[in-house]
Amino acid sequence: MNLVYINSANGLSKAALETVTYAKKLGADVAVVTNANASAETLTALGNYGASTILQDTAINGQDPSQLVKLVAAAAEKVGASTIVFSHDLIGKAVAPRLSVRLKAGLVAGAVALPEPDGSIRVNVFSGKAFGYVRVNSNTRIISLLPNSIQPEQIGGNCSVEAFDGQAGSSNIVVKATKKPEGAIPLPEAELVVSAGRGLKGPENWGVVEDLATALGAATACSRPVADIGWRPHHEHVGQTGVAIRPNLYIAAGISGAIQHLAGVNGSKVIVVINTDAEAPFFKAADYGIVGDAFEVLPRFTEAVKRFKATQH
Amino acid sequence: MNILVCISKAPDTTSKIAFTNGNTQFDENGVQYIVNPYDEWYALVRALELKEAQGGNVTIITVGGAADDAVIRKALAIGADDAVRIDASATDAYFTAMQIAAYAEGKGFDLILTGKETIDYNGSQVGGMLAEALNLPYIAIATKLDVAGSTISCEREIVGGVQEVEVQAPAVVSCAKGMAEQRIPNMRGIMAARTKPLTVVAPVALDALTTYSSYSLPAAKSSVKLIDPNNLDELVALLHNEAKVI
Ligand SMILES: Cc1cc2nc3c(=O)[nH]c(=O)nc-3n(C[C@H](O)[C@H](O)[C@H](O)COP(=O)(O)OP(=O)(O)OC[C@H]3O[C@@H](n4cnc5c(N)ncnc54)[C@H](O)[C@@H]3O)c2cc1C
């Protein structure tokens, strides 16, 4: 049996669907364990992606990784899991390593593909400049799947939801406040990203970036100096020392394409670069390039997207 | 407050990444090692700020061979008080974390800090593993860190936002951007670092849980297709029909 942990506090995220699809493709039946009180109706939709059983513990809110690790360990024991899958998101990064120690089970952190024929699993190393193939030496293995590495697949199927007591004890972490920007798309999960750098000259000029992002339904990102000077929030900083992302489309305006920046975005499927300097290194990593002024090109881009969207309805 | 900061070496960000021995080993030829930026810029500097404000001691620890002493001296030059090197090759995150846990157990550290990840293996694993091995609370990917008495308060990243949380010491925190600013060591720091205590400790016997069986490099990009800046409709059409991303 393969076991998947998902966070269902805000319904089923794309990351949740990806992990269930991944676990199903590994072969064997898939059980899902979740905390929070998503409705049975919401959770049973996972049957469509290959889950056969869902264990739900509504007693814990999911804020303390030491509770979640107990929950997942208890579920793993109940279903006799040989593989446990997380999303390599902020919860997976906090919980999967704890579980690895608790179960003495090897962790493949940030898997980007299904196992190779020899059983090793590909991960990004050296900040996306290379791939490593990780072999697990223990009987039980834990895999955390980098978001946007595989597409969720509906295969049709049903599953049951069962109340489960993970005996997770009490939380040691007190939550004082939670801030989630309204309507913003979380960057690591975004399929489309519009990013800008120092070429935009000042925070007051980000309107053209946001307009394009809104027209596309994209998340926004930035280069390191832009976050360092405080033009944009830190969580938008992508690169080797920021967030690593791998969207389907990465649009970079006014970013030179330094090696440290590329390290965080080189997993993107398609890269569009807009830069006044035809010699900017980013063009070497781009699929499509526009040599031009971001202040002129971005608004035109936005209009072109709007025209395109109008024809799609 | 006694703070333990876990330090890893990492290849300089401009290093050429290549592999030897039939793609089974990282080619260290010509590679310069630095202190992993997350460990240095955020975990170590924040630990020093807390010590400067409240007193206490900052110990750095790494799992590595004698060649890593240079990286340790750099961290001492920035201001750590003393250093520990567990004399073993850091074969995987589990091995590394369990070695550090074996050392830290019972030493009375109030706070154990790691960087959010290393820029070579990018696993984000050591902090969580340490917390489990020492049975401590874990705050992953914190962007702010403050201490008042025995209360540790952090801002941490959550999916789609941030959260302010509190926990009682001792605890493990992994550190990310926002927490502190990079410090450049000065001459006095560099001189002082030479004589600060560096204790070399033998590793405990244990096996890694994972192995890197091989490595590969991504395929080179084909050359860029240039689009007329006055014809964005063409770009949108290509993104839809050719690239199929919108
Ligand atoms: C250890 C280390 C870690 C680092 N980590 C990161 C990281 O994680 N992420 C990161 O991004 N950087 C990182 N950096 C910094 C990196 O080396 C670059 O300095 C940085 O990425 C440059 O940011 P930029 O492209 O926005 O600015 P610049 O390099 O200043 O480039 C601005 C670009 O905008 C163009 N431009 C100017 N005006 C316009 C206009 N009107 N329209 C269109 N284009 C215009 C210019 O031609 C230029 O190419 C790191 C550096 C070090 C040493």
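In the predicted model, ten strands form an open sheet in the order E10(A)-E11(B)-E10(B)-E9(B)-E12(B)-E8(B)-E1(B)-E6(B)-E7(B)-E13(B), and the pairing is mixed. Strand E10 (174–179) of chain A and strand E13 (198–201) of chain B are the edge strands, each pairing on one side only. On average, and with direction ignored, neighbouring strands of this sheet are turned by 30° against each other. Helix H4 (residues 90–103) of chain A packs on the sheet, where it touches strand E9 (138–148) and strand E10 (151–158) of chain B. The direction of H4(A) makes about 90° with that of E9(B). Strand E7 (residues 82–86) of chain B pairs with E13(B) in the parallel sense, over four bridges. Within this pair, Ala83(B) stands opposite Leu198(B).

A second open sheet has six strands in the order E12(A)-E11(A)-E13(A)-E14(A)-E15(A)-E15(B), with parallel pairing. Its edge strands are E12 of chain A and strand E15 (225–226) of chain B, each of which pairs on one side only. Strands E14 (residues 270–275) and E15 (residues 288–291) of chain A run parallel and are joined by four bridges. Here Val273(A) stands opposite Gly289(A). In general, strands of a sheet pair through backbone hydrogen bonds, in either a parallel or an antiparallel arrangement.

Helix H5 of chain A lies across E11, E12 and E13 of chain A, and runs at about 175° to E11(A). Helix H6 (residues 232–241) of chain B lies across E13, E14 and E15 of chain A together with E15 of chain B, at about 170° to E15(A).

In H5(A), which spans residues 207–216, the buried residues are Val208(A), Val209(A), Leu212(A), Ala213(A), Ala215(A) and Leu216(A). They lie on the same side of H5(A), because they cover an arc of only 165° around the axis. An α-helix has 3.6 residues a turn, so residues three or four places apart point the same way. The buried residues of H5(A) pack against strands E11 (192–196), E12 (219–222) and E13 (249–253) and against helix H8 (294–311), all of chain A. Just after H5(A), Gly217(A) takes a positive phi of about 75°.

In chain B, helices H1 (residues 37–54) and H2 (residues 69–78) pack at an angle of about 45°, with their axes 10 Å apart. H1(B) and H2(B) are therefore oblique to each other. The crossing of H1(B) past H2(B) is right-handed. Glu40(B), Leu44(B) and Leu48(B) of H1(B) meet Lys74(B), Ala75(B) and Ile78(B) of H2(B).

Conventions: Residues are numbered from 1 along each chain as its sequence is written. Chains are lettered from A and ligands numbered from 1 in the order in which they are written. This is a predicted model: local features need pLDDT of at least 70, side-chain atom pairs count only at pLDDT 80 or more; totals for chains, interfaces and linings use all residues. Side-chain values use heavy atoms; hydrogens and water are left out. Two strands pair if DSSP finds at least two bridges between them. Helices (H or I, at least four residues) and strands (E, at least two) are DSSP runs, numbered from the N terminus. Axes are lines fitted to C-alpha atoms, for helices over the stretch in contact, and angles run from 0 to 180 degrees between N-to-C directions. Contact means heavy atoms within 4.5 Å. Buried means under 20% relative accessible area, exposed over 50%, partly exposed in between (1.4 Å probe, protein chains only). The arc is that of the directions from the helix axis to the C-beta atoms. Angles under 35 degrees count as roughly parallel, over 145 as roughly antiparallel, 65 to 115 as roughly perpendicular and the rest as oblique. A crossing is left-handed if the near helix is turned anticlockwise from the far one by less than a right angle, and right-handed if clockwise.
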